[in-house]
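Student: Hi! I have a new structure to go through, and I'd like to start with the overall picture.

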Amino acid sequence: MASSEDILLSAVLNLLSAFAFLVAFAILRLQPINDRVYFSKWYLKALRMPEPELIDHAGLDSAVYIRIYLLGLKIFVPIALLSFGVLMPVNWTGKSLERIEDLTFSTIDKLSISNVPPGSQRFWAHLVMAYIVTFWTCYVLYKEYHIITTMRLRFLASENRRPDQFTVLVRNVPPDPDESVSEHVEHFFCVNHPDHYLTHQVVYNANNLAKLVEKRKSYQNWLTYYQTKYERNPKIKPKTKTGFWGLRGKTVDAIEYYTAEIEKLSKEETIEREKVMSDPKTIVPAAFVSFKSRWGAAVCAQTQQSSNPTIWLTQWAPEPRDVYWDNLSIPFVELNVRKLIMAVAFFFLTFFFMIPIAFVQSLASIDGIENKLPVLRPLVQMEVVKSFIQGVLPGIILKIFLVFLPMILMAMSKIEGYTSLSSLDRRSATKYHFFLLVNVFLGSIITGAAFEQLQRFVEEPPSEIPKTVGVAIPLKATFFITYIMVDGWAGIAAEILRLVPLVVFHLKNTFLVKTDQDREQATDPGSLNFSISEPRIQLYFLLGLVYSVVTPILLPFIIVFFAFSYMVFRHQIINVYDQKYESGASFWPDVHRGILTGLVISQLLLLGLLSTKNVARSTPILIALPVLTIWFHIFCKGRYESAFVKFPLQDAMVKDTLERATEPNLNLKAYLKDAYVHPVFKGVELDRPIALDDEENNPLVATKRSRRNSKTHSEEGV
């Protein structure tokens, strides 16, 4: 158990490391060679940029993400002031803690609920504080939900024209023996949306073609490099090896080799392209269907198209840069199988990952090191080393264990078959949030207590076990304080330094950059990694809500995290990151739900803790809190969430009417022509259906089915 001295040492070390990162950033950002690592293509505007300008500059996703840090300050600053004024005097009794055999208490624990003797009337202050935390959190969340919903609707109403406003992604198109997928889609929407259907683009399984195109571009880049090298020194013809990365194999003339390889790949690419465009098996039963108005697209995206709910599935199309093309070719039935397999895999990953974390954390203690490595006993007994092991090492080890986890979770989300980058990020964030909840929070409390007290659990009477587990919750506050300082202080300072991108940039610039294209890729600043950063915020909300009533001394560390993160990420979003996509803050309902989940967990944990303190009368009072919180979530979901999954028909009609008045000659078909063409087909003429303009009175486009009918749809009254 870390003492107050250990916490102080950890705070000093993490503050010094954060200060070192900031000083390094101030120096490195002034070097011209590092300009692209820190500033990308924008001027320094930092914190003074107003929110409307920030939305225009970086998008609504970025602006709402920044507001999450402000939300943390709005919730926890008042709670911290009240907790310090009310609970700290209540917890500090001036007496020694109740002794429990084999459990070690620190000075910080004397400021927690652990210091209040069982059955004391002082627990009523904690009950009142629990109600205050619940109602204040819900009040702030409600106001924030209202503000962000208004921002989203205003953003959708005022933003420039986008292809996804007119387009719907249709999946699970049923097979038809007499028509191709393209003809079947065209006929279905001409019949069911005759006044609004404009055109469509079928989805091709072009994954193999995309690999060939990418390989040819790589070879072309190498050819450019060697040609430039030869032009600079014509006396020496460049050589290369035909093996892996030109490091092994037969030595050949580099220019001739890459020229021949490019010609070979170009032929393979042409054959594969013709195969994709001509073979019906490469056409996926899905299509991007575009309409003449936003109203028509909204009606189609938000209604059931067939009496069979498993076919003609429609959803809003992602914006073109948000499409994850690799997953569009996955059949509908296979999608459900993949999701089931990944759900099982995630279950085992989550719960088996707890074992190595608990084991390694048990080693990151004085007793663990002395038992496993007795030769180090004199070293670990030194005060400085002892303070480092107890105050810093556990947080560092946990951070290291979580480094590769986001990549694994993103790979699992891709296997599940989500069709947009934004949905992949949201799904990965949900997995990561659950993982942190189980392994970092509950694992550190429950599993940590079990490992540390395993022998006592076996030897002591069963009646004493709930008491031991109950006191573990406030006693783990010191561990989370060290984790917050490692991850939330030094980690955020490392974010502004961008140490990893800086090192990678200089390594690429030294060893890999051969052409202008390589240099452009090496200096790409990247984008905000929402799937990692958002779950981390949720963990800090959870810690703040749990310990605001139990151990309020943790709240200042949480507040420093939110304040520091707000300044750092606002700077990064304005000056560094490139926006990868725009989802219109569609992730906000997940954030809202995660915070309320943390609030319910804090209420249940407090209920369990007080059950060990002989305060039976508090149970009915505390039971009401999770019930009220769940009701509040249902209320907000019904009141606001539809704005994040649907587009109001009224707003769509207003925008359509305004657009017709201001741009009467708009050629919408030309605007949408190549919006949803697979990137490998850009610049290639595809077979497209003929769309009718509003003014035309010609019969429907001829298809095999329509040619079999003796009457046109206009004659049938369709």
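Student: What share of the contacts between residues at least 6 apart in sequence join residues at least 24 apart?

Tutor: It's 82% of them, where a contact means heavy atoms within 4.5 Å. Bear in mind that this is a predicted model, with local features needing pLDDT of at least 70 and side-chain atom pairs pLDDT 80 or more, while totals for chains, interfaces and linings use all residues. Residues are numbered from 1 along each chain as its sequence is written, and side-chain values use heavy atoms, without hydrogens or water.

Student: Okay, and how many helices and strands are there?

Tutor: The chain has 31 helices and six strands; these are DSSP runs numbered from the N terminus, helices being H or I of at least four residues and strands E of at least two.

Student: How much of the chain is buried?

Tutor: Of the 718 residues, 50% are buried. Buried means under 20% relative accessible area, exposed over 50%, and partly exposed in between, using a 1.4 Å probe and protein chains only.

Student: Switching to charges: how many salt bridges does the whole structure have?

Tutor: The search finds 17, each being a side-chain nitrogen of Lys or Arg within 4 Å of a carboxyl oxygen of Asp or Glu. One of them pairs Lys74 with Glu144 at 3.4 Å, N to O. That pair links distant parts of the chain, with Lys74 in helix 4 (residues 60-91) and Glu144 in helix 5, 70 residues apart.

Student: Is Glu144 buried or exposed?

Tutor: Glu144 is buried, at 2% relative accessible area, whereas Lys74 is partly exposed at 35%.

Student: What does Glu416 pair with?

Tutor: Glu416 forms a salt bridge with Arg427, their closest N and O atoms lying 3.2 Å apart. Glu416 is in helix 16 (residues 405-416) and Arg427 in helix 17 (residues 421-452), so the bridge ties together parts eleven residues apart in sequence. Glu416 counts as buried, at 1% relative accessibility, and Arg427 as partly exposed, at 29%.

Student: Which residues do shared partners join into one network?

Tutor: Arg161, Arg294, Asp656, Glu659 and Glu663. The side chain of Arg294 also reaches Gln165 through a polar contact of 3.0 Å (N or O atoms within 3.5 Å, one able to donate a hydrogen and the other to accept it; residues adjacent in sequence count only if both atoms are side-chain atoms).
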